[in-house]
Amino acid sequence: MMNKKANILVIGAGASGLMAAAAASAAGASVTVLEQNEKAGKKIYITGKGRCNLTNDCATSDFFDHVVTNPKFLYHCIHAFDHEAVKTFFAQAGCPVKTERGERVFPVSDHASDVTKALTRTIQAQGGRILTGRTCRHLQMENGKITGIRFNDGSFLAGDAVILCTGGRSYSSTGSDGSGYLLAQEAGHTVIPQEPSLVPFITKENWPTRLPGLSLPNVAVSVWPLPRSVSDRPCPDSSADGRKQKKRRDRAVYEGFGEMLFTQQGVSGPLALTASTRVSFRDHPEGYRLMLNLKPAVPAEELIARVCMLLREAPDKSFIHAAAPLFPARLGRELILAAGLDPDLPAREVQEGDRRRFALYLQAIPLTIVRTGGFPEAVVTRGGVSVKEINPSTMESKLVKGLYFAGEIIDVDAVTGGFNLQIAWSTGHTAGLSAAQNSGEE
Ligand SMILES: Cc1cc2nc3c(=O)[nH]c(=O)nc-3n(C[C@H](O)[C@H](O)[C@H](O)COP(=O)(O)OP(=O)(O)OC[C@H]3O[C@@H](n4cnc5c(N)ncnc54)[C@H](O)[C@@H]3O)c2cc1C
């Protein structure tokens with residue numbers, strides 16, 4: 001119960017911070033948002049290729065299947081402010097939404113800027129302030145309770161509660177430079193080491209890089225940790241731990257079906273991005289093997305028969321021309337070369353064994369993932385403030401009274417489809433409401 005108007009400071013005017021400020025000001029608190037950029041919502045502008053895929057219309061119970069890290073932590077806040085609540089919120093704030101393929105929800109206007117405008121308008125109409133060009137450097141605490149924040153110029157701003165919404169490390173040009181983790185650590189919080197996620201792969205093989213922009217729909221991939229190099233391997237390793245590690249390397253970390261894209265450095269697209277959520281170069285610095293299957297729906301023997309038939313039917317054509325119906329035109333030459341064969345050889349001269357080998361190759365094209373695009377190209381950050389030290393019903397710190405967390409700074413992340421923004425809205429809403437309700441008591 002509030003006796004006096006709670007004075008709430010929100011650090012970061014991204015998705016989670018703006019929603020926290022909207023919820024807190026709607027609940028009657030006096031709210032100030034502090035943002036280091038020159039404008040609010042800089043990352044929102046680039047989401048969904050400028051259209052902002054702001055949530056996903058799947059059933060709330062299915063939502064958690066799309067969360068990669070710590071889905072259980074999110075149960076309370078997602079149920080308290082789910083995708084329906086988000087759609088209603090934005091419609092009432094003057095930004096009606098529509099649902100597209102894959103249950104992805106976008107503003108009707110197709111402008112991400114309308115999402116930010118809806119939030120800032122709501123906050124300001126409810127008496128909240130958004131101050132830009134303000135970088136928070138320290139949290140001020142006394143006797144285990146937050147008292148305010150200190151800026152990079154040394155000035156101090158008092159508050160009954162502080163909501164830390166500084167985002168992760170990805171696309172740091174949008175302001176999420178990781179400085180929030182230092183603030184959390186200052187308050188005694190454990191911060192799980194971060195890794196880029198939803199990020200393109202860089203391959204050792206050069207041939208994919210010669211096909212930038214080529215998209216392959218309806219393919220399957222599996223991703224496997226590479227064995228440690230012989231020199232790194234503590235040998236012989238027959239301990240239980242060693243056996244466990246070997247077993248892990250013998251198992252695919254990801255298997256999926258969908259669309260993959262070649263890039264100037266390797267592979268990307270929905271399949272590769274989703275696969276990256278299961279890849280950790282901290283756990284497996286030696287890298288990963290990606291197996292690409294161009295014909296996942298065709299049994300191997302059937303594919304062999306098809307390749308043999310195509311080459312038999314056009315004996316005078318070159319291999320690449322005879323086999324053309326099997327793959328997109330741009331891919332053919334690189335693929336045949338990568339399989340160790342000659343694309344210009346007349347079809348009749350391609351040996352029986354090579355025909356068979358090529359057919360099998362189409363279902364198991366090996367690529368070596370040596371790196372990812374890193375934080376500059378990552379859609380989200382994996383890792384962050386440990387959920388063990390945050391109350392999932394309120395988003396309040398279990399260590400410091402009056403300190404709250406929301407958004408990507410927390411150790412939660414999801415796949416693409418509007419799920420990461422839904423996490424930002426739900427955690428932000430819960431944090432803002434709880435801070436307003438629990439602060440300002442005499
Ligand atoms: C290219 C791209 C496309 C994406 N598209 C989608 C999509 O369509 N759908 C989806 O669900 N998700 C998408 N995401 C992910 C989603 O945008 C993020 O998960 C979400 O924006 C995180 O919100 P946040 O509020 O936690 O952090 P942010 O949006 O990163 O906001 C953090 C804010 O805090 C400020 N800040 C940081 N430190 C300080 C400090 N010390 N003092 C003051 N201010 C500070 C920053 O300047 C920043 O404005 C996309 C991400 C990227 C990079």
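Of the 442 residues in the protein, 44% are buried (a residue is buried with 20 or more other C-beta atoms within 10 Å of its own, exposed with 12 or fewer, and partly exposed in between, C-beta atoms being placed from the backbone). This is a predicted model, in which local features need pLDDT of at least 70 and side-chain atom pairs count only at pLDDT 80 or more, while totals for chains, interfaces and linings use all residues. Residue numbers start from 1 along each chain as its sequence is written.

**Overall build**
- The protein has 14 helices and 21 strands (DSSP runs numbered from the N terminus, helices being H or I of at least four residues and strands E of at least two).
- The C-alpha trace spans about 90 × 55 × 40 Å along its principal axes.
- Among contacts between residues at least 6 apart in sequence, 76% join residues at least 24 apart (a contact has C-beta atoms, placed from the backbone, within 7 Å).

**Domains**
- Domain 1 covers 7-195 + 380-438, and domain 2 covers 200-373 (the bounds come from an automatic or database domain assignment).
- Five residues from domain 1 and six residues from domain 2 take part in the contact.
- The centres of domain 1 and domain 2, taken over C-alpha atoms, are 39 Å apart.

**Ligand shell**
- The ligand has 39 residues around it, of which G12, G14, G167, G175 and G407 come nearest (near means a C-beta atom, placed from the backbone, within 6 Å).
- By class, the shell has 14 nonpolar, 21 polar and four charged residues (Ala, Val, Leu, Ile, Met, Phe, Trp, Tyr, Cys and Pro count as nonpolar, Asp, Glu, Lys and Arg as charged, and the others, Gly among them, as polar).
- At least two shell residues come from each of α1 (15-26), β2 (30-35), α2 (42-46), α7 (179-186) and α14 (419-438).
- Helix α14 gives the most, with four residues.

**Nonpolar cores**
- The largest nonpolar core holds 77 residues, of which I8, V10, I163 and L164 touch the most other members (a core is a set of buried Ala, Val, Leu, Ile, Met, Phe, Trp, Tyr and Cys residues joined through C-beta atoms within 7 Å).
- Helix α14 supplies the largest share of this core, nine residues.
- A second, separate core of 42 residues includes I202, F319, I336 and V380.

**Helix α9**
- Seven of the eight residues of α9 (residues 269-276) are buried, among them L271 and L273.
- These buried residues pack against strands including β14 (215-225) and β18 (365-372).

How values were computed. Two residues are in contact if their C-beta atoms, placed from the backbone, lie within 7 Å.
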